Amino acid sequence: MKFNRLGPSRRIDENVVFVLSFIRMKHQPISGARAKLAASLPSTTEILRGSLLHRHIRHRSGCTVCADGGGHPVWVLTVTYPGGRTKQISLSSQQKPMVQRWLRNYRKLKDTLERICELNQQLLREERNA
Ligand SMILES: [Zn+2]
């Protein structure tokens, strides 16, 4: 039997290292994409789920504005819960831009987490088939 200079066990180790590094290389695009997504996550505290609605409040009596048919414009945050129950929170006009930003953060956070989960599914398949 003829062995090379390094001997048979070393050769197996080298093959294992080669296969492992090959797997790592294969995973790198997914891991890189995953890290990039994670780094792009928005604030995890300044978030709100729901939607912003523009409504008009009308007083039944004693208000000249409403008597003229105008009403008072208000912004309302509407949050829907499982079972169809909804919660409504009226907002001051100063709160509106902040609420819009927090709603955007929540949507981006959720979308990004979903994309990371999809990448992890791909990683699971690749690892199993490696
Ligand atoms: Zn009024």
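Ile57 stands opposite His72 in β2, and that pair is a handy place to start reading this predicted model. Residues are counted from 1 along each chain, in the order its sequence is written. Because the model is predicted, local features need pLDDT of at least 70 and side-chain atom pairs count only at pLDDT 80 or more, while totals for chains, interfaces and linings use all residues.

From there, step back to the strands themselves (DSSP runs of E, at least two residues, numbered from the N terminus). β1 and β2 run antiparallel and are joined by 7 bridges; two strands count as paired if DSSP finds at least two bridges between them. Strands of a sheet pair through backbone hydrogen bonds, either parallel or antiparallel.

Now follow β2, residues 72-80, across to β3: these two also run antiparallel, with 6 bridges between them. Along the way, Thr78 stands opposite Gln88 in β3, and Thr80 faces Thr86 in β3. The β2-β3 hairpin has 5 residues between its strands, and there Gly83 takes a positive phi near 95°.

Put together, this is an open sheet of 3 strands in the order β1-β2-β3, with antiparallel pairing. β1 (51-57) and β3 (86-91) stand at the edges with a single partner strand each, so one side of each has no neighbour in the sheet. Neighbouring strands of this sheet are turned by 35° against each other on average, direction ignored; the axes behind that angle are lines fitted to C-alpha atoms, and angles run from 0 to 180 degrees between N-to-C directions.

Technical notes. Helix = DSSP H or I, 4+ residues; strand = E, 2+ residues; numbered from the N terminus.
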